[in-house]
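User: Could you walk me through this model? I would like to begin with its overall layout.

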Amino acid sequence: MEQVVIVGTGCAGLTAAIYTGRANLTPLVLEGRQPGGQLTTTTEVENFPGFPEGIDGSELIMKMHAQAERFGARFQYGTVEEFEQKNGINRIKVDGQWIETKALIIASGASARWLGIDREKELVGHGLTSCATCDGAFYRNVPVCVVGGGDSACEEAGFLTRFASKVYLIHRRDSLRASKIMADRVLANPKIEPIWNTGIEEYLTDENGEMRGVKLKDLKSGTTSKLEVKCVFVAIGHTPNTTPFLGKLDTDEEGYLTPRHGTEMNLPGVFAAGDVADREYRQAITAAGMGCAAAISAERWLAGLE
Ligand SMILES: Cc1cc2nc3c(=O)[nH]c(=O)nc-3n(C[C@H](O)[C@H](O)[C@H](O)COP(=O)(O)OP(=O)(O)OC[C@H]3O[C@@H](n4cnc5c(N)ncnc54)[C@H](O)[C@@H]3O)c2cc1C
């Protein structure tokens with residue numbers, strides 16, 4: 001029987017591992033299919049406190065990993081396939097084997113939805129991203145585009161006008177899905193130019209493999225054209241990684257975990273932290289903060305059992 005199992009090794013899971021490790025709980029930490037989480041897919045991180053010159057995303061994660069190991073966290077490659085709670089014990093099936101634990105911290109993150117175009121994975125961090133708050137400031141006085149038509153796409157487009165010389169908003173339909181107030185704001189902004197009924201067919205790169213533009217396809221006429229942009233911000237939503245927990249833990253309509261109090265879920269001894277329970281901020285520092293909160297709550301809950 002484990003004291004604490006932590007699902008995920010992104011910023012939330014690793015911070016929870018540092019705190020529960022330092023509390024002598026020797027947490028078992030599961031890596032899942034993306035060891036290190038989303039931050040390993042980006043290059044420069046400029047907004048994580050403590051690194052005035054910025055830090056490479058993977059390097060930041062490696063430092064957190066080493067810090068957690070130093071305090072006794074044990075790491076295991078494995079993915080949670082099923083979850084149940086029986087007689088107050090949390091049970092998770094990891095690659096076919098059941099693990100029992102008193103406390104469970106779920107920090108399984110969320111995955112950005114991408115367009116499914118060739119070379120997409122290799123271009124993330126080289127002019128392709130899903131986060132304007134994270135990467136907008138890298139693209140000053142150059143044209144960029146946002147893909148999507150919902151509230152997040154409008155929010156990202158508006159935010160990017162602070163930096164970019166021009167923001168193209170590429171949308172598959174002829175009107176925005178976003179709330180009226182958001183849509184009106186975007187359409188009134190002279191720096192934003194919507195491109196309707198259009199999809200991206202191909203990413204175009206320069207000799208260094210950095211984004212230099214996109215090949216567009218008019219979905220009504222079928223004609224194609226090229227658009228020069230230095231960065232593509234894909235804003236077509238995120239999917240929380242909650243499949244093994246659906247129907248057993250509280251979620252909202254999109255599947256994000258919804259803690260009842262702080263990070264405490266509807267079942268005793270189960271805590272949620274990071275992007276898996278946060279559709280609002282989705283930042284490394286907020287995920288780390290929630291990981292800390294979940295660890296302290298788990299620690300107190302375990303102390304209460306004794
Ligand atoms: C391209 C990009 C650039 C970004 N840049 C910045 C930035 O500059 N600054 C910033 O603050 N934020 C940035 N972010 C956002 C930041 O990366 C996330 O907010 C943060 O990683 C969330 O951490 P997390 O621990 O909640 O989840 P994640 O990082 O998503 O980690 C989830 C972890 O859970 C594991 N997992 C998932 N399902 C299972 C399962 N079933 N079983 C076991 N393990 C599982 C995964 O393998 C992974 O290890 C960026 C995101 C992207 C995509």
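**Domains and layout**

Analyst: The C-alpha centres of domain 1 and domain 2 lie 32 Å apart. The domain bounds come from an automatic or database domain assignment. This is a predicted model, in which local features need pLDDT of at least 70 and side-chain atom pairs count only at pLDDT 80 or more, while totals for chains, interfaces and linings use all residues. Residues are numbered from 1 along each chain as its sequence is written.

User: Where do the two domains fall in the chain?

Analyst: Domain 1 covers 2–112 + 238–305, and domain 2 covers 120–234.

User: How many residues of each domain are in contact with the other?

Analyst: There are 7 residues of domain 1 in contact with 7 residues of domain 2; a contact means that the C-beta atoms, placed from the backbone, lie within 7 Å. On the side of domain 1 that touches domain 2, the residues divide into 1 nonpolar, 5 polar and 1 charged. Here Ala, Val, Leu, Ile, Met, Phe, Trp, Tyr, Cys and Pro count as nonpolar, Asp, Glu, Lys and Arg as charged, and the others, Gly among them, as polar.

User: Now the ligand. How many residues surround it, and which are the closest?

Analyst: The ligand is surrounded by 43 residues, and the closest are Gly10, Gly32, Gly37, Gly109 and Gly274.

User: Which domains and elements supply the shell?

Analyst: Domain 1 and domain 2 each give at least three residues to the shell. At least two residues each come from α1 (11–22), β9 (110–112) and α7. Helices (H or I, at least four residues) and strands (E, at least two) are DSSP runs, numbered from the N terminus.

User: Let us turn to the cores. How many residues has the largest nonpolar core?

Analyst: The largest nonpolar core has 52 residues, and Ile6, Ala16, Ile105, Ile106, Ala273 and Ala294 have the most contacts inside it. Helix α7 (residues 284–305) gives the most to this core, with 8 residues. A nonpolar core is a set of buried Ala, Val, Leu, Ile, Met, Phe, Trp, Tyr and Cys residues joined through C-beta atoms within 7 Å. A residue is buried if 20 or more other C-beta atoms lie within 10 Å of its own, exposed if 12 or fewer, and partly exposed in between, with C-beta atoms placed from the backbone.

User: What does Ile106 touch?

Analyst: Leaving out residues up to four places away in sequence, Ile106 touches Val7, Phe245, Leu257, Val270, Ala272 and Val276. A second, separate core has 30 residues, including Val144, Val147, Leu160 and Leu216.

User: What is the strand order in the open sheet?

Analyst: The 5 strands run in the order β10-β17-β11-β12-β13, with parallel pairing. Strands pair if DSSP finds at least two bridges between them. The edge strands, β10 (128–129) and β13 (192–195), each pair on one side only.

User: Which residues of β17 are buried on its two faces?

Analyst: Cys231 and Phe233 are buried on one side, and Val232 and Val234 on the other. Val232 is also the bridge partner of Cys145, and Phe233 is that of Thr129.

User: One last topic: is Asn24 buried or exposed?

Analyst: Asn24 is exposed, because 10 other C-beta atoms lie within 10 Å. Its phi is near 65°, a positive value in a residue other than glycine.

Terms used: Two residues are in contact if their C-beta atoms, placed from the backbone, lie within 7 Å. A residue is near a molecule or strand if its C-beta atom, placed from the backbone, lies within 6 Å of it.
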